[in-house]
Amino acid sequence: MATRRELLFVGFAAATVLASGACGATAEKDEGGSGNAGGPATGLRIMVPNTPGGGYDTTARTAAKVLEDAKIATGVQVFNLPGAGGTVGLQRTVNEKGNGKLAMQMGLGVVGASYTSKSTATLTQTTPLAKLIEEAGAIVVPKDSPYRTIGDLVAAWRANPKGIAVGGGSSPGGPDHLLPMQLAKSVGIDPRQVNYVSYDGGGELLPAVLGGKVAFGASGFGEFLDQVEAGQIRVLAVTSAAPVAALRDVPTLKSSGIDLVFTNWRGIVAPPGISDADRKVWIDVLTRMHESEQWKAELTKRGWTDAFVTGDEFATFLTEQDRAVADLLKQLGLA
Amino acid sequence: MDNLGNLLDGFANVLTPMNLLIALLGVTIGTAVGVLPGIGPAMTVALLLPVTYGMEPAQAFIMFAGIFYGGMYGGSTTSILLNTPGESSSVITAIEGNRMAKAGRAAQALATAAIGSFVAGTIATLLLVVVTPPVVRFAVSLGAPDYFALMLLSFVAVTAVLGASRVRGFAALLIGLVIGTIGIDSVSGQQRLTLGVPQLADGIDVVVVAVGVFAVGEALWIAAHLRRRAAEVIPVGRPWMGRQDWQRSWKPWLRGTAYGFPFGALPAGGAEIPTFLSYATEKKLTKHPEEFGRGAIEGVAGPEAANNASAAGTLVPMLAIGLPTNATAAVMLAAFQQYGIQPGPLLFERESGLVWTLIASLFVGNLLLLVLNLPLAPAWARLLRIPRPYLYAGILFFASMGAYAVNAQPFDLFLLLVLGLLGFAMRRFGLPILPLIVGVVLGSRAELQGRRALQLSGGELTGLIGGWVSWTVYAVILVMLFWPLLGRFVIRPVRERLVNP
């Protein structure tokens, strides 16, 4: 039989582990609070509909940090509710009707996911607050690819849409899938003919492009910067309206004669039916954040492109995006 | 040896009292999160990112490296003691490890896991220093057909774990394959078997499956039999590994390392497949086949070495070309960016000091893990002497908390219970559990790679055959399949002729 001391020790060891685990599990607990006029806003919570470490998570946590550092808001809680490409979080946001303290970090990916996962909750039901940042997409090929310009590539693609495999780092409905599909549509290729190969994020896509497994890759330009610098990958075109500073010599699609502007953007929405006062608090807070030095520093450090619009302007943008994505995905039989 | 000099500089940076303390903190946190199912190293590093804003980059990475290795190791503890794998890569450990624990050899199982992790981690980190460029070139050259071939190899290899009854083994495998197909299909974007439940759209996490089927299933089983059978007293064995344990462990450690390191470096490799392959290999090569399924130390030593070696392998493409091959590496890359460091092919040149400090901290973290965990092994082993009702209540608590922690959704608790009932039913009807886990892990990946290969070739079947890697792997598969025939018609006659000329 074990002595009492031994059992105590075991109990202690188990308790230590349990306690440390418990810290992890409860670190995101609710902290209620109420807003007060004038001083820093309190009790704001931002839901991230993806896992920690992803793009939305980084954006939301950076925003929360800037809000704290610039004393715009205190006690901003960021919590994760991942699932179904963000639609689990979207459903929760829609269910929290009237909750003026909650906002959801989202972006183009959630728009697509709300259709591919046949969600009953849609982004048009939410209260749009602000679009924060955007990233231009890039059309890339390995260094020894026969395609020298986007024109070469499009000509070959038109001739044999099914034979040209395009790789992207998101599943169907995600930004990297929407980009080549919209590109195909703009150059007169039936999107249904496009041979899109989905990879699990940039980590899997990059070797597929480097190893020449796909004819070309489509993703955010940030995924490829270092490889471009090292001469392993060539960027044929960026998809933003203006050229990207980090890729000065690369033409845009527009300047190459293709009528398409496509960016992967991230923004923040609130539940439906929140009061005008609450909406104003959020928009004020986000506007002040956008004007802060700290936010500008973060944009530079992380290579994000500022794309700040708020309120009704963002609402119009969101509606347009929603419709374009819905049309495309319906045509592909995904919505 | 330029690298050696750099590495020594790295050690000089790590071996300050403050950095050692941070490394110790890292491995402690890592072990703790490894122990708890559901909270993985990736999530921990992500949640700790804001905390490290105030630290020097080198210190933050020392801590992350500790968490990463600690997490890989920590998963084994609960696998062995409580039959509750903390990470998907320690599922295999639960099979033999928990049997060993029930036979009073928990201390030995924990020790071989700890020492094996240390050995594998150290060798793999050394490999990281020496062979990075060729490994990366190799990893990038692999495509979907090669991965598909590797998945097929894993499938063939794990038929070795189907158990005594092939029919039951295959039934369990099929259940696993079905569970693996749940979710949005990443090729076509269509939902499969989600029954309109949005929480199922991402599929079921393999940790939730493993914890449900192993831990909750077992708890239900014990609860159902608690009154009928007198409690068996788990004997208390010797606290340390004996001479025979060492003899039986060192080869599996090395073989596990050989499996784990390259798989970790592959963009679609992962830590689970090398543990499967290692287990299958040890089962084949052991001199004590009768012990497999009843607690064979080789079945713990090999897979545990494999998962730690794969953790080091993961860092190869991450440091060399900025390629994250698993979630933890992806979060660590995000951390690089937080310090304004662009990871990628130029990282070694631009941030040489930081990289070598990170590598040195891996060695140190590894050593700290051993120092921290080895003396604890006999103490942990006594955990099993807690009276069973309390012990299993604790297990259920752990399992539920872990399942809940993954997504913070009550639905996952319901899922856990359903899977627990499945585990209970499987025990009742004698279905082995390991093939089910294998099906969940491998099935969806093999399908994805196979379809990707066919997509890339435009639907031509020849697309399934890629470079020399896939040829080699298919050759190995053929040899494995026809080995019994070869044995009967070629090898045995030759041997007999040699013995009786």
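Strand β9 of chain A (residues 216–220) is largely enclosed by the rest of the structure, because five of its five residues are buried, meaning that 20 or more other C-beta atoms, placed from the backbone, lie within 10 Å of a residue's own. Keep in mind that this is a predicted model, in which local features need pLDDT of at least 70, side-chain atom pairs count only at pLDDT 80 or more, and totals for chains, interfaces and linings use all residues. Residues are numbered from 1 along each chain as its sequence is written, while chains are lettered from A and ligands numbered from 1 in the order in which they are written.

**Around β9(A)**
- β9(A) pairs with strand β6 (residues 127–142) of chain A in the antiparallel sense over four bridges; pairing requires at least two DSSP bridges between two strands.
- In β9(A), Ser219(A) sits opposite Ala138(A).
- With strand β7 (residues 165–168) of chain A, β9(A) pairs in the parallel sense over three bridges, and Phe216(A) is the bridge partner of Val166(A).

**Chain A as a whole**
- Chain A holds 11 helices and 12 strands, taken as DSSP runs (helices H or I, at least four residues; strands E, at least two) numbered from the N terminus.
- Of the 335 residues in chain A, 52% are buried.

**Where chain A meets chain B**
- Here 55 residues of chain A are in contact with 58 residues of chain B, a contact being two C-beta atoms, placed from the backbone, within 7 Å.
- α1(A) gives the largest share of the side of chain A that touches chain B, with 10 residues.

Notes. A residue is buried if 20 or more other C-beta atoms lie within 10 Å of its own, exposed if 12 or fewer, and partly exposed in between; C-beta atoms are placed from the backbone.
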